[in-house]
Amino acid sequence: GGDEVASEEMLLVAFHTERVMENVLGNYMQAVKRWKPDGATVPLIRNFGAEADGLVATALETFDTQAAAFAGGSAAAAALVEDKKAELKTAILADLRSIYNRQLTKARETAFGIFRSKLIQVSVGPNVEAEVDVCIRETDTFFCEKAKAMLVAGSNWRFDNERRELNAEIRESADTRLKVARVQGTYAPNARLPISLSFHYLNPKPFGFGPSKDGMGPQDQVTFDKKKDAPAVGFGRFRPFATGPKVELPVDNSVSTSSPAFSVFQK
């Protein structure tokens, strides 16, 4: 019936679009073979990003042209062709990503070599630290520009890890250069004064009395009335000596008042 015809049509579309995809992908692989040398040495490809964009666009346009005859039968056939096109683009970007990673490594090595050559030219003197900082910024800018230029349109690639590794390498090399300058006595880092913070608090009522409660004026006499002015017992205030009945101490009659020890005690 109709379902069998539709199924047969979809099988033919899938078969032909698969062959088209494999043919286009094979042509792409031949084009990028020059970017995959057999040796360990990987050259830095000039205009990698722009050339890669052109290869992706050419591959997708070729697929559209060769698969157009199989996409007009039905909506399902057109959707299948689009799926094969997306699969082709994913395969190409995955291959280009491996090339991009090797190019990032090469760009990092090139940037580090440029930094070392600049660092050697820095004269050891009072301004050596500022000159080294300039070399670090220029090297980082060089690498970032190269990495961004190599990105392929439609990809979500990043180069943060490679950038961090490069900065760690160049800062370690810069520290070594500055240490040599210190040993030679031609460079001394600026002394930084330590920062000390302290906080002081002045209690306005250390004994429980505030200025607003002080009734003394310039005409008052400075006198003290024991009954009136004695402060109450409480936190932060003086506690007067407690008074109570006298305590009689026991008298030891065995000790003679005429003994030498007692006489000394009386004196």
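Visitor: W35 and F48: buried or exposed?
Guide: Both are buried. Note that this is a predicted model.

Visitor: How many aromatic pairs does the structure hold?
Guide: Three. One of them is formed by W35 and F48, which are tilted, with 5.0 Å centre to centre and 55 degrees between the planes.

Visitor: Where do W35 and F48 lie?
Guide: W35 is in the loop between helix 1 and helix 2, and F48 is in helix 2, so the pair ties together parts that are 13 residues apart in sequence.

Visitor: What about Y100 and W157?
Guide: Y100 and W157 also form a tilted aromatic pair, at 5.0 Å centre to centre and with 35 degrees between the planes. The pair links distant parts of the chain, with Y100 in helix 3 and W157 in the loop between helix 4 and helix 5, 57 residues apart.

Visitor: And are those two, Y100 and W157, buried or exposed?
Guide: Y100 has 0% relative accessibility, so it counts as buried. W157 is buried as well, with a relative accessible area of 10%.

Visitor: Back to helix 2. Which residues are buried there?
Guide: F48, G49, A52, L55, V56, A59, L60, F63 and A67. They cover an arc of only 125 degrees around the axis, which puts them on the same side of helix 2.

Visitor: What is exposed on the other side of helix 2?
Guide: A50, E61 and T65 are exposed there.

Visitor: How far apart are the end C-alpha atoms of helix 2?
Guide: They are 28 Å apart. Helix 2 has 20 residues (48–67) and should span 28 Å at 1.5 Å a residue, so the two values agree.

Visitor: New topic. How many salt bridges are there in the structure?
Guide: Nine. Among them is E18 with K84, where the closest N and O atoms are 2.2 Å apart. E18 sits in helix 1 (residues 2–31) and K84 in helix 3, so this pair ties together parts that are 66 residues apart in sequence.

Visitor: How accessible are E18 and K84?
Guide: E18 is partly exposed, with a relative accessible area of 24%. K84 counts as buried because its relative accessibility is 13%, and the cut-off for buried is under 20%.

Visitor: Which residue forms a salt bridge with R163?
Guide: D140, with 2.8 Å between the closest N and O atoms. R163 belongs to helix 5 (residues 160–184) and D140 to helix 4 (residues 128–149), so parts 23 residues apart in sequence are tied together by the pair. R163 counts as partly exposed at 34% relative accessibility, while D140 is buried at 13%.

Visitor: Which residues do salt bridges that share partners join into one network?
Guide: E18, K84 and E87.

Visitor: Last one: Q103. Where does it lie?
Guide: Q103 is in helix 3 (residues 75–121). Q103 is buried, with a relative accessible area of 0%.

Visitor: What does the side chain of Q103 reach?
Guide: The backbone oxygen of P43, at 2.8 Å. Leaving aside residues up to four places away in sequence, Q103 touches V42, P43, L44, I45 and M150.

Methods:
Residues numbered from 1 in each chain as written. Predicted model: local features only at pLDDT ≥ 70, side-chain atom pairs only at ≥ 80, totals over all residues. Heavy atoms only, no water. Helix = DSSP H or I, 4+ residues; strand = E, 2+ residues; numbered from the N terminus. Buried < 20%, exposed > 50% of the residue type's maximum accessible area, 1.4 Å probe, protein only. Polar contact = N/O pair within 3.5 Å; in protein donor to acceptor, adjacent residues only side chain to side chain. Contact = heavy atoms within 4.5 Å. Salt bridge = Lys/Arg side-chain N within 4 Å of Asp/Glu carboxyl O. Expected span 1.5 Å × (residues − 1). Arc of directions from axis to C-beta. Phe/Tyr/Trp six-rings, centres within 6.5 Å; stacked < 30°, edge-to-face > 60°.
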